[in-house]
Amino acid sequence: MVMGMFELRKLALFEVIGMYDHSLAVKLGVHFFLWGGAVKFLGTKHHHDKWLSSTENYEIKGCFALSELGHGSNVRGIETVATYDSNTGEFIINTPCESGQKYWIGGAANHATHTIAFSQLHINGSNQGVHAFIVQIRDSDGNICPNIRIADCGHKTGLNGVDNGRIWFDNVRIPRENLLNSVADVSPSGEYLSAIKNADQRFAAFLAPLTRGRVTICVSAVYISKISLAIAIRYALTRQAFSITPNGPEVLLLDYPTHQRRLLPLLAKVYAMSFAANELKMMYVNRTPESNKTIHIISSAYKATLTWNNMHTLQECREACGGQGIKSENRVGQFMGEFDAQSTFEGDNNVLMQQISKALFAEYVACQKKNKPFSGLGLEHMNKPLPIIPSQLTSSTIRSSEFQIDLFHLRERDLLRRFAEEVLERQSLGESKESTFILSYQLAQDLGRAFSERAILKTFMEAESTLPAGSLKDVLGLLRSMYAVICVDEDASFLRYGYLSTENASAVRKESAKTLC
């Protein structure tokens, strides 16, 4: 079987399981994608020979010990230490303080036998940064190994089928070979070896397994939004409430404009995000070393955008079902507890948005310094003349894909320019690089949103363009227009920064109501 098709089948299986039981999907994802992915991508042949077959056969059960009580998003600051002992050829894994305990480790509390323990590598008193080590935490009978302490994180608001655990290491000794060494290695004598000389690039390479997790979260968020919308819209097509004429029949919920405004824009968004998630999945399956950076940025952007949208969709669908939405058999209310965690794990959404803006800033500065055109990340539009928005918008203009993408391009390029200028100005006044990004968080959030929504719209347009003229293309065109005008109506940036006049913004809002009819 072609490797790409095999990857797609694994992803499809994972997606279907997630629709049925999110906890089961997470358990499998931790074992195969995080543990197994780390062994495969961070390890080398001897790790593959020793661990991958037993992972596939479930002879061992893996988990992924990255986050700590004191460090979640700031992975670079984790406190677990791996000290190399050249006398014995072993690494000594130790939890130096309570904040250094591994926390929220899926599968650790009850079932995992092995873990990838991310730790600060110390050699001869020098810290080489975060590296990944294989550590056995239970024997084959399920007994916790010596010098290891494990506890359950406790009952959660959702995902209670996942045994999230805490792990403490008390000077646990492991063989030198248990360092996953595709990125860096340590010789028997204690010499640190790596072909990647830049510490930031080495750190990024160690976090590569998280990309697959973000891809699966994006797709999962879309599927759950689809399920909740199917439930809420079908209910709205059967439930009646009030009559608008004396002694007349009661009106279907979906015939009320307010109910249409609640659900149909979310339907358009989930169509748009479905195309985007599928494209991301194909990018991941067909990835190359050159495309890894792009996939990381886009998966981070979509992970934040799609999971936020999923939670908003679930809340709206729950309310749109009235009292019936509270019943467990409705599923929507349960989904809210199960999928809320997606906004946090595999990267806090707000932090991801800032990462995206920092990456775009780096592209902007590099192109300005080298006087070269933008290439990649969909930023080629930055090389073209500034889009001109008509002074008065007609209905046909607002619904045209050319106008919509021009407006989204205008927002993105202006926000990128504003963000870059603000950051550079702060740096010129003596602010540190990190402080400038933190202080410019408002523009960073606006830019992250603009980048994500433009990328999603462009993907939708590309999918639409592949269809021949006909009813299907007409329906997708209507959904694409609805997605675009709703994004514009919901984002104050278009008015705040003057991309639209108040009259044109009002025209867009009126058009959003027309697309529902």
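Thr83 stands opposite His122 in strand 5, and that is a handy place to begin looking at this predicted model. Strand 2, residues 81-85, pairs with strand 5 (residues 114-123) in the parallel sense over 3 bridges. From there, this briefing moves to the hairpin, then to a helix crossing and some aromatic pairs.

- Strands 2 and 3 make a hairpin with 4 residues between them.
- In the turn of this hairpin you will find Gly89, with a positive phi of about 70°.

**Where helix 6 meets helix 13**

- Helix 6 (residues 257-285) packs against helix 13 (residues 441-465) at an angle of about 85°, and their axes are 8 Å apart.
- An angle from 65 to 115 degrees counts as roughly perpendicular, and helix 6 and helix 13 are therefore roughly perpendicular to each other.
- Helix 6 brings Ala268, Tyr271, Ala272, Met273, Phe275, Ala276 and Glu279 to the contact.
- From helix 13 come Ile456, Thr459, Phe460, Glu462 and Ala463.
- Sorted by class, the contact of these two helices has 9 nonpolar, 1 polar and 2 charged residues.

**Aromatic pairs around Phe361**

- The model has 16 aromatic pairs by the ring-centre rule.
- One of them joins Phe361 and Phe419 edge-to-face, at 6.2 Å centre to centre and with 85° between the planes.
- This pair links distant parts of the chain: Phe361 is in helix 9 (residues 349-370) and Phe419 is in helix 11 (residues 401-428), 58 residues apart.
- Phe361 and Phe419 are both buried.
- Phe361 also forms an edge-to-face pair with Phe437, at 5.3 Å centre to centre and 85° between the planes.
- Since Phe437 sits in helix 12 (residues 433-439) and Phe361 in helix 9, the pair ties together parts that are 76 residues apart in sequence.
- Like Phe361, Phe437 is buried.

**An aromatic cluster**

- Elsewhere on your tour, look for Phe408, Phe494, Tyr497 and Tyr499, which form one aromatic cluster.

Methods. Residues numbered from 1 in each chain as written. Predicted model: local features only at pLDDT ≥ 70, side-chain atom pairs only at ≥ 80, totals over all residues. Heavy atoms only, no water. Axes fitted to C-alpha atoms, helices over the stretch in contact; angles between N-to-C directions. Helix = DSSP H or I, 4+ residues; strand = E, 2+ residues; numbered from the N terminus. Parallel < 35°, antiparallel > 145°, perpendicular 65-115°, else oblique. Contact = heavy atoms within 4.5 Å. Nonpolar A, V, L, I, M, F, W, Y, C, P; charged D, E, K, R; others polar. Pairing = 2+ DSSP bridges. Phe/Tyr/Trp six-rings, centres within 6.5 Å; stacked < 30°, edge-to-face > 60°. Buried < 20%, exposed > 50% of the residue type's maximum accessible area, 1.4 Å probe, protein only.
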